[in-house]
Amino acid sequence: MDVAQAKQFCRSFPRVNEVESGHPANVLSYKVRDKLFAYFKTSEPERWRFSFRVTPERFLELTDQPGIKPARYMHRYHWVTVVDVSHFDDEYLKALVAWSFNKAVSRLPKKVQAEIRDMT
């Protein structure tokens, strides 16, 4: 999976907004309503590093692998950063991002959760 495919996958979820913020953040965020579930860094030297939330157990497992590190400022919430998505297993990445999306949805009001689940 390359960066374009990862972006397309993030956009494929229901009710997702793609928001690009400029300086100083320089990130391309993917949110369901106002809940963040994934983002790309858009400035050098970290251009196109991909971050998303994982379970606490997966956080420990993933950050022990080369090419994956704790996400800057977000690691305390169990976010990881994949340095290069093209070197990561496609299906595993999709499963992790889908979990992050579902975690974000679970933080929305129950009525909104039901609407989103009905769209899938």
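Predicted model: local features only at pLDDT ≥ 70, side-chain atom pairs only at ≥ 80, totals over all residues.
Local features require pLDDT of at least 70 and side-chain atom pairs count only at pLDDT 80 or more, whereas totals for chains, interfaces and linings use all residues. Residues are numbered from 1 along each chain as its sequence is written, and side-chain values use heavy atoms, with hydrogens and water left out.

**Exercise 1. Determine how many salt bridges the model contains, and describe the pair R15 and E115.**

Step 1. The criterion is a side-chain nitrogen of Lys or Arg within 4 Å of a carboxyl oxygen of Asp or Glu. By this rule, the count is five salt bridges.

Step 2. R15 and E115 form a salt bridge with an N to O distance of 3.4 Å. The two partners come from distant parts of the chain, 100 residues apart: R15 belongs to the loop between α1 (3-11) and β1 (16-21), and E115 to helix α4 (residues 110-119). Helices (H or I, at least four residues) and strands (E, at least two) are DSSP runs, numbered from the N terminus.

Step 3. Burial is classed by relative accessible area: buried is under 20%, exposed is over 50%, and partly exposed is in between (1.4 Å probe, protein chains only). R15 is partly exposed, because its relative accessible area is 36%. E115 is likewise partly exposed, at 28%.

Step 4. The pair also belongs to a network of salt bridges that links R15, R33 and E115.

**Exercise 2. Describe the salt bridges E46 to R72 and R58 to E61, and state where their residues lie.**

Step 1. The side chains of E46 and R72 are joined at 3.0 Å, N to O. This pair links distant parts of the chain, 26 residues apart, with E46 in the loop between β3 (35-41) and β4 (50-53) and R72 in the loop between β5 (68-70) and β6. E46 counts as buried, because its relative accessibility is 16%.

Step 2. R58 and E61 meet in a salt bridge of 3.6 Å, N to O. Both residues are in helix α2 (residues 56-63), and they are separated by about one helical turn because they are three residues apart.

Step 3. R58 is partly exposed at 33% relative accessibility, and E61 is partly exposed at 37%.

**Exercise 3. Characterise the aromatic pairs of F9 with F13 and of F37 with F101.**

Step 1. A pair of aromatic rings is described by the distance of the centres and the angle of the planes. Rings of Phe, Tyr and Trp (its six-membered ring) pair if their centres lie within 6.5 Å; planes under 30 degrees apart are stacked, those over 60 are edge-to-face and the rest are tilted. The structure holds 10 aromatic pairs.

Step 2. One of them is F9 with F13, an edge-to-face pair at 5.1 Å centre to centre and 75° between the planes. Both of these residues, F9 and F13, are buried.

Step 3. F37 and F101 are also edge-to-face, with 5.3 Å between centres and 85° between planes. F37 lies in strand β3 and F101 in helix α3, so the pair ties together parts that are 64 residues apart in sequence. F37 is buried at 0% relative accessible area, and F101 is buried at 2%.

Step 4. Elsewhere, ring pairs link Y30, F40, W48, F50 and F52 into a cluster.

**Exercise 4. Where does A114 lie, and how far is A114 from F37?**

Step 1. A114 is in helix α4 and is partly exposed at 39% relative accessible area.

Step 2. A114 and F37 are 77 residues apart in sequence and 18 Å apart in space, C-alpha to C-alpha.
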